[in-house]
Amino acid sequence: MTGMPLLTVDHLSVRFRAGGVLSRARPVRAVEDVSFTMAPGEIVGLVGESGSGKTTIGNAVLRLQDATSGRIVFDGQDITHAPERVLKPFRKRVQPIFQDPYGSLDPRMTVAAILAEPLTIHRIGSRAARQERVAELLGLVGLPVDALGRYPHQFSGGQRQRIGIARALALNPDLLVADEAVSALDVSLQAQIVNLLRDLQMRLRLAILFIAHDLAVVEYLSDRVIVLYLGRVMEIASAHALYRRPRHPYTEALLSAVLEPTIAGPARRRIVLEGDPPSPADPPSGCVFRTRCRYAVAECAGAVPPLRDVGSGHQTACLRDDIL
């Protein structure tokens, strides 16, 4: 990446308090010491099992979740603990796309009202200009103008997600945070929405933080991929490099679960991870993946492995050089 990054996440940690009234509250380490950058116009995939911290990172970037420590810098401005007067212009430039295309739309509002709402809140344009922008947004996402007077329940799931994407585009953002934006759709609709996002990214030069568990979709859409496990980054690489030669045992196991051939080539031998992920309230010492890693040695329990470069910007958090 050359030039100033659009987004910098620097040693981000997010912890929650867990425990009932009669039990001692323990910190849940949802995200621990996560760092990455995004360039303008770049699509970065964020992958990992449920509970890996993907959504928490997305919410922290959107400033819907406070960071416990670390920094989030957007376009050179530290917004980690910025007040609302700073966040209002920031929110124009960073917009979410939600997982549930029905639950994220107000069923009492028409499509015209839904798409005009961000423009009204930020006092952008006259009423006539807003109406023109709303019609333009429908065209961007492939919906007819006659959709404006209809309500969300009158659309299919894929069409509702297009409405959600149009709403996210209303303010001409620089960054979209798409949290499982296609997981609620069937396979054919997923392909349509993913192709739409790719087309919009190229036409509008959008950056997209794409949070997903579907590795094939992430491979197709992303420029770079960040692999998370129990709140920590295991590997960062270009999609091309990561899918062809994963350098972390966890990434290797994740990719082996994609049984069908992918863009990267033929299916891999399936690697079955034993047991469940540990609790984020009581993570293992050292490498958090070591309790399920088939390559683990005694040294893996001693220290948290730092992300290290293994060439061409490919980073891995594994102490062992002799396995992959």
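Which residues is Arg-63 in contact with, leaving aside its neighbours within four places in sequence? They are Ile-79, Thr-80, His-81, Ala-82, Leu-87, Phe-90 and Arg-91, where contact means heavy atoms within 4.5 Å.

A quick note on the basis: this is a predicted model, where local features need pLDDT of at least 70 and side-chain atom pairs count only at pLDDT 80 or more, while totals for chains, interfaces and linings use all residues. Residues are numbered from 1 along each chain as its sequence is written, and side-chain values use heavy atoms, with hydrogens and water left out.

Back to Arg-63, which sits in the loop between helix H1 and strand S4 (helices are DSSP runs of H or I with at least four residues, strands are E runs with at least two, numbered from the N terminus). Arg-63 is buried at 12% relative accessible area, buried being under 20% with a 1.4 Å probe and protein chains only. Its side chain reaches the backbone oxygen of Ala-82 at 3.3 Å.

Helix H9 is largely enclosed by the rest of the structure, because 8 of its 8 residues are buried.

| Element | Residues |
|---|---|
| helix H7 | 215-221 |
| strand S9 | 224-229 |
| strand S10 | 232-238 |
| helix H8 | 239-244 |

Then there's the pair H3 (residues 111-121) and H5 (residues 157-169), whose axes, lines fitted to C-alpha atoms over the stretch in contact, come within 8 Å and cross at roughly 25°. That makes H3 roughly parallel to H5, a label for angles under 35 degrees. Val-111, Ile-114, Leu-115 and Pro-118 in H3 meet Ile-163, Ala-166 and Arg-167 in H5.

Definitions and conventions: Buried means under 20% relative accessible area, exposed over 50%, partly exposed in between (1.4 Å probe, protein chains only). A polar contact is a pair of N or O atoms within 3.5 Å; within protein, one must be able to donate a hydrogen and the other to accept it, and residues adjacent in sequence count only if both atoms are side-chain atoms. Axes are lines fitted to C-alpha atoms, for helices over the stretch in contact, and angles run from 0 to 180 degrees between N-to-C directions. Angles under 35 degrees count as roughly parallel, over 145 as roughly antiparallel, 65 to 115 as roughly perpendicular and the rest as oblique.
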